[in-house]
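Please examine the sequence together with the model shown below. The paragraphs after it lead from the overall fold to individual side chains.

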Amino acid sequence: MQDLLTCWGVPEGPRDEAILVTSELVTNALVHAAGERIACRVHGTADRIRIEVEDQDGGPTLPAARRPGPDDQHGRGLFLVDALSLDWGVTPVSGGAARVVWAELPYDDG
């Protein structure tokens, strides 16, 4: 993904944030989703990077950001996604239990 964003001309700061958000979304799908397959897509526009992670079976609950306590070992992923993103959310995929968790980040430092 770093090579793709570099090829698109995304500056280092936004590129690093997009990589971190992608890592958090993919990790959440691996840990919390019930399916055997996930897909990650990255789209670029003139002013945004959109990251989508789709899991085929969704898992038992919808993803939600929370504020973990200082001693909690988990629970910071979506908090980070929320802090770094312009917007994020969950979109169900028609015809089954699949869903897409997505985040949009600014394309540049501006």
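Residues are numbered from 1 along each chain as its sequence is written, and side-chain values use heavy atoms, with hydrogens and water left out. The model is predicted: local features need pLDDT of at least 70, side-chain atom pairs count only at pLDDT 80 or more, and totals for chains, interfaces and linings use all residues.

The secondary structure amounts to three helices and four strands, where helices (H or I, at least four residues) and strands (E, at least two) are DSSP runs numbered from the N terminus. Along the sequence these elements follow the pattern α-α-β-β-α-β-β. Of the 110 residues, 32% count as buried, a term for under 20% relative accessible area, with exposed meaning over 50% and partly exposed lying in between (1.4 Å probe, protein chains only). Among contacts with a separation of 6 or more, 55% come from residues 24 or more positions apart; contact here means heavy atoms within 4.5 Å.

The sheet comes next. Strands of a sheet pair through backbone hydrogen bonds, either parallel or antiparallel. In this model, the four strands form an open sheet in the order β1-β2-β4-β3, with antiparallel pairing; two strands are taken to pair if DSSP finds at least two bridges between them. At the edges stand β1 (38-44) and β3 (87-92), each of which pairs on one side only. From one strand to the next, the twist averages 15°; axes are lines fitted to C-alpha atoms, for helices over the stretch in contact, and angles run from 0 to 180 degrees between N-to-C directions.

Seven bridges connect β1 with β2, and I38 stands opposite D55 of β2. These two strands form a hairpin with three residues between them. Strand β2 (residues 48-55) is also joined to β4 (residues 99-106), by eight bridges, with E54 having V100 as its bridge partner in β4. The hairpin of β3 and β4 has six residues between the strands, and G95 in its turn has a positive phi of about 90°.

Helix α2 (residues 12-32) lies across β1, β2 and β4, at about 10° to β2. Its 21 residues reach 30 Å from first C-alpha to last, close to the 30 Å expected at 1.5 Å a residue, the expected span being 1.5 Å times one less than the number of residues. Buried residues of α2 include P14, A18, V21, L25 and A29, and the buried residues of this helix pack against α1 (2-7), β1, β2, α3 and β4.

In helix α3 (residues 77-84), the buried residues are G77, L78 and V81. They lie on the same side of α3 because they cover an arc of only 90° around the axis, the arc being that of the directions from the helix axis to the C-beta atoms. Their cover includes α2, β3 and β4.

Not counting residues up to four places away in sequence, E104 touches R48, I49, R50, S85, L86 and D87.
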